[in-house]
Amino acid sequence: MPSPTRRSFMLGTAGALAATLAARLSERAARADEPGARPAAPAPAATSCILLWLNGGPSHIDTFDPKPGAKSGGPFKAIASRATGVRLCEHLPRLAEQAQHLAFVRGLSTKEGSHPRAQLLVHTGHVPNPTVVAPSLGSWIARELGKTDAALPPFVSLGGPGGGPGFLGQSFGPLVVQSPGAMPQDLAPALPIGPARDDRRRGLLDEMERGFAARTGDGAVGERRAVYARATRLAHAPERRVFEIDDEPEAVRAAYGDTDFGRGCLVARRLVETGVPFVEVTLDGWDTHKDNFGRTKKLMGALDPAFATLVRELVERDLYRRTVVLCIGEFGRTPSIGGDDGRDHHPAAFSAVVGGGGLRGGLALGQTDAEGARVVADGTSLPDLFATIVARLGLDPGATRTSPLGRPIAITDGGTPIARLSA
Amino acid sequence: MRSAHLLLTLAVAATAACASTSPTPAPARAGVAAAASRAPAATLAARIDEALAALQRARGVQPAPLVDDATWLRRVTLDLAGRIPTETEARAFLADAGADKRPRAAEALLGSRDHAAHLARIWDDTLMGPRVKERQVDRAAFQRWLEARFAAKTPWDRLVTEIVTASGKNSAGGPAGPLALVSTGGADPDDVNGAVNWVVRYGRQPADLAGATAKGFLGVQIQCAQCHDHKTEKWTQGDFRSFAAAFAHVRVDRIERDKGRVPVVSLADGQRPMRRWYGDPELAKIADATPKALDGTDLSNGDNRRAALAAWMTSRDNPWFSRAFVNRVWAQLTGEGFVEPIDDLRPSNAPRGGGVLDLVAEAFEASGFDVDALYRAIVATQTYQRAVTTGAAGVAEGAWSRRALAPLSPDQLFDSIVTAAGLEPIVERVAGERADLVRARARMQMEFVFDDDSEANAESYRGTVQQALALMNGLVATAGTTLLEGSALDEVLREHATTPDRLTALFLRALGRPPTASELARFGAFVEGARDDDAKSAVTAPRAAPSPRGAGRRGRAGGAVLPGRIRSRARTAEERAYEDVLWTLLNTSEFTFQH
């Protein structure tokens with residue numbers, strides 16, 4: 001268990017000198033972002049992104065942006081973390097231990113307070129528009145970084161439907177795994193048949209397909225056969241074992257936590273290890289109009305070990321530089337507490353956590369007021385957050401594709417990478 | 001328009017909703033009256049063909065030949081009834097020697113309940129959008145209402161007027177979840193007006209209501225003008241607000257809200273906008289705007305703006321109403337609209353097809369917006385009957401010289417698997433009183449996997465790995481191809497004794513045609529090879545297939561495991577070979593495409 005007093009102990013002794021030195025170094029690092037400073041050598045691009053999707057709109061005040069003294073700050077205390085000056089809710093102790101690897105973005109603000117619209121906005125980075133459905137970040141990345149010869153799909157969603165492909169088309173939507181830790185649906189036959197039967201009937205199918213393709217002369221048959229072949233390949237690929245966690249040591253599985261979300265995070269680590277470009281893991285239940293504190297505490301009980309262990313393992317396995325991690329929900333929750341002991345939707349100010357991929361960690365970016373109601377300093381726009389992430393993946397935030405109605409849509413809605421997060 | 005995947009929370013109801021007595025069937029048509037009603041269809045069909053033939057000649061495009069009977073029956077049954085033909089229907093049609101068998105078969109389909117249900121699903125899809133759990137909407141009631149109207153042959157202008165001006169109670173307050181999202185038949189009590197659910201769906205955002213009205217019924221994409229003056233067309237933000245103002249007096253009042261049940265609300269028009277509108281700057285602007293139609297016609301009409309709107313929409317002077325509907329139906333039946341995208345009828349997007357759209361739209365108006373007459377006429381054309389083969393000249397857009405392959409919709413796929421595999425009696429038997437819920441959930445699951453983004457470029461096949469896996473290994477497809485008591489496979493093996501007869505029956509059931517000689521030989525060898533293997537190995541195969549739980553370690557929701565009561569009755573390798581035959585047929589592109 002982390003001991004926040006260790007740092008104060010350090011500061012009180014010879015560590016004081018070290019601390020001053022550290023402060024000077026980080027000052028200099030901050031200045032390096034200013035124009036005219038000597039530019040750092042470009043880091044190699046990240047190759048994967050993990051999105052931890054907190055569905056329902058997590059209360060920022062009760063998680064990443066605590067306001068313990070405030071009138072409506074709630075019963076939870078704030079604890080120090082390994083990020084200097086950054087305090088987190090007391091129910092995220094393990095995450096606090098990993099905070100030096102993470103940036104706590106506290107100045108997010110949107111105008112979308114309805115779940116469907118906000119979910120779409122935060123998944124795609126574009127304000128929902130009836131004429132064009134922008135692809136989710138996952139689908140963009142699947143399109144740009146996915147390899148056609150890979151056995152595993154480029155976009156996997158665990159525990160939830162995940163972001164959709166929009167106008168990029170269904171083939172860039174996620175492979176959805178409803179029960180993380182187990183094989184995805186339909187990867188194995190509902191009634192098992194032996195390999196001999198499997199081979200024989202596929203041979204028969206192949207002949208029928210060739211005949212039909214020849215008779216119709218329509219390219220769609222060939223395209224379907226290609227997709228079907230990918231599905232067959234996935235169903236037989238040894239790589240599909242990545243979805244099952246039985247071979248992980250008990251200690252590892254315990255560290256992530258015995259929850260679907262915990263298992264999902266473990267599978268996400270395994271997937272990026274094999275090179276899958278985008279993985280989304282969903283933790284649902286944050287829409288706490290009732291019993292906000294009880295339910296949010298319980299959710300943090302699942303979030304804390306899973307998120308912290310994921311970061312720790314990525315760091316330990318030397319995967320963190322090539323994996324961007326984003327933890328976010330569709331909005332925050334109101335400072336004011338309603339009759340059912342709940343907090344309601346609050347898009348005007350909310351938080352996200354981002355790290356990895358060579359991004360700077362150990363800091364908070366942006367500030368809300370004393371209640372947590374408004375962003376008062378260093379606000380972050382969603383497009384800029386997306387641009388920061390995609391730039392780390394070696395993609396151009398302004399690159400566009402054309403929608404069916406002829407509109408060019410960019411990966412980010414006019415975003416530019418945030419200098420203070422880019423190392 | 002589909003949006004990205006949004007979370008579906010499926011609340012599982014404890015019991016299925018009871019289906020009450022089925023509504024009155026469509027009026028039957030006597031032979032002479034039928035022949036008489038076909039005459040104008042034939043005339044219009046001939047004019048359509050003439051115009052398109054001229055177009056093809058001018059472009060030097062050679063049209064594909066007409067399809068054979070088996071292909072025709074499958075195509076038209078999918079297009080009109082949303083499923084493949086049954087074995088009985090296929091055999092009867094192929095044996096029919098009458099000269100007018102195609103028009104007669106089309107007529108029978110038009111009069112069927114399946115046709116009404118199919119149109120209801122299409123229009124529910126179009127008007128309601130993605131199957132997201134909208135809190136106050138009873139989507140199943142909306143489908144039932146649509147089905148009843150289509151079955152009663154309500155003219156299209158009447159039907160749209162009823163939707164746009166709908167008032168009253170939205171729902172009987174049944175269980176929330178799949179049964180509120182998917183209709184499994186039956187009827188609602190008389191005091192429920194299912195049509196109300198469409199206005200309720202969009203009612204919180206009148207801007208969305210305006211956009212949906214224009215797009216769904218008029219083929220006009222006015223919603224761009226919601227946020228800025230339309231970039232390419234002449235709509236301004238002011239125009240948009242005036243149009244949205246037609247819905248400004250709608251009030252939705254809650255009647256009941258019980259946990260786990262669909263909220264019951266009442267929809268009516270008030271004298272003025274609801275007070276909360278004035279708290280929102282955008283809504284306030286709409287509230288203050290004078291209601292005007294897209295061409296500036298004033299819709300103030302005292303108390304009833306929506307009635308004025310409906311009258312304007314359905315009037316013969318309205319340039320969009322009939323053309324939008326005709327364009328959709330034409331695109332549905334031929335694979336290609338005169339205007340593409342099919343709901344984007346703007347001046348700068350001129351229709352192709354040499355005036356045929358106007359010709360058919362005028363006929364549609366003249367018929368009194370008779371939906372049957374429109375379908376009848378298009379189905380009667382030679383254009384409709386063109387084969388998929390590319391022929392000598394290759395593919396040409398906007399020439400309708402051939403039918404393009406198109407994936408079956410999720411509903412068509414679901415209903416076709418159920419038909420081919422004879423799953424209905426099995427669902428009844430296994431699920432008992434939860435049969436409706438099982439049907440609704442299975443249909444939704446199929447839709448979830450097979451739903452294609454309508455925004456995606458329709459020119460190329462965009463299937464997914466998950467779709468392929470669902471047919472390869474999924475629950476519905478596996479249940480359909482397993483030898484279960486009372487299944488299609490079971491019937492075929494009982495009724496026929498020889499390999500060729502059994503194979504012919506399976507081909508007719510799955511593909512609507514008999515096997516070719518070489519297919520008979522190949523499949524015969526497949527089956528008989530298995531029988532020989534069986535005879536050679538002295539070991540008797542186990543009586544039933546291994547436990548269904550062997551499919552995966554976690555056999556709960558998410559794993560594709562058959563419910564324990566479903567076990568294969570295949571006892572021999574030969575019987576298992578027949579399971580493989582049916583599996584093969586259902587996994588072919590020939591099965592999963594409309595052609």
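1. **Cysteine A:C327.** A:C327 is buried, at a relative accessible area of 0%. Buried here means under 20% relative accessible area, exposed means over 50%, and partly exposed lies in between (1.4 Å probe, protein chains only). The model is predicted: local features need pLDDT of at least 70, side-chain atom pairs count only at pLDDT 80 or more, and totals for chains, interfaces and linings use all residues. Residues are numbered from 1 along each chain as its sequence is written, chains are lettered from A and ligands numbered from 1 in the order in which they are written, and side-chain values use heavy atoms, with hydrogens and water left out.

2. **Disulfides.** How many disulfides does a search of the whole structure find? The count over all chains is 0. The criterion is a pair of cysteine sulfur atoms within 2.5 Å. A:C49 is in no disulfide, and its nearest cysteine sulfur, that of A:C327, is 12 Å away. A:C327 is in no disulfide either; the nearest cysteine sulfur to A:C327 belongs to A:C265, 8.6 Å away. A:C49 is buried, since its relative accessibility is 0%.

3. **Strand 11 of chain A.** Helices (H or I, at least four residues) and strands (E, at least two) are DSSP runs, numbered from the N terminus. Strand 4 (residues 102-108) of chain A runs antiparallel to strand 11 of chain A, joined by 5 bridges. In that pairing, A:V105 has A:A352 as its bridge partner. Strand 8 (residues 323-329) of chain A is also antiparallel to strand 11 of chain A, with 4 bridges. Here A:V325 stands opposite A:G355. Two strands count as paired if DSSP finds at least two bridges between them. In a regular strand the side chains alternate between the two faces of the sheet.

4. **An open sheet in chain B.** This sheet has 3 strands in the order 1-3-2, with antiparallel pairing. Strand 1 (168-169) and strand 2 (250-256) of chain B are at the edges; each has a single partner strand, so one side of each lacks a neighbour in the sheet. Strand 1 of chain B meets strand 3 (residues 264-269) of chain B over 2 bridges, in the antiparallel sense. B:G168 is placed opposite B:L267 of strand 3 of chain B.

5. **Cavities.** The whole structure holds 9 cavities of 30 Å³ or more. A cavity is a set of points, on a 1 Å grid over the protein atoms alone, where a 1.4 Å probe fits but cannot get out; lining residues have an atom within 4 Å of a point. Volume is the space filled by probe spheres set on the points, and grid points are joined across faces, edges and corners. The largest cavity has a volume of about 320 Å³. Its lining has 21 residues; A:P174, A:L175, A:V176, B:T464 and B:Q466 lie nearest its centre.

6. **Who lines the largest cavity?** Both chains contribute: strand 6 (175-177) of chain A, and helix 19 (435-450) and helix 20 (465-473) of chain B, each supply at least two lining residues. By class, the lining has 10 nonpolar, 9 polar and 2 charged residues. Ala, Val, Leu, Ile, Met, Phe, Trp, Tyr, Cys and Pro count as nonpolar, Asp, Glu, Lys and Arg as charged, and the others, Gly among them, as polar.

7. **Backbone points to check.** Most residues other than glycine have a negative phi, and most peptide bonds are trans. The bond from B:E340 to B:P341 is cis, with omega near -10°. B:P341 sits in the loop between helix 14 (321-334) and helix 15 (356-366) of chain B. A:D378 is not a glycine, yet has a positive phi of about 50°. A:D378 is in the loop between strand 14 (375-377) and helix 11 (382-392) of chain A. Its relative accessibility is 47%, so A:D378 counts as partly exposed. B:W400 also has a positive phi, near 50°. B:W400 is buried, with a relative accessible area of 2%.

8. **A:T232.** This residue lies in helix 7 (residues 219-236) of chain A. A:T232 is buried, at 10% relative accessible area. Leaving out residues up to four places away in sequence, A:T232 touches A:R202 and B:M472. Contact means heavy atoms within 4.5 Å.

Note on methods:
1 Å grid on protein atoms, 1.4 Å probe; cavity = no way out; pocket = protein on both sides within 12 Å on 5 of 7 lines; lining within 4 Å.
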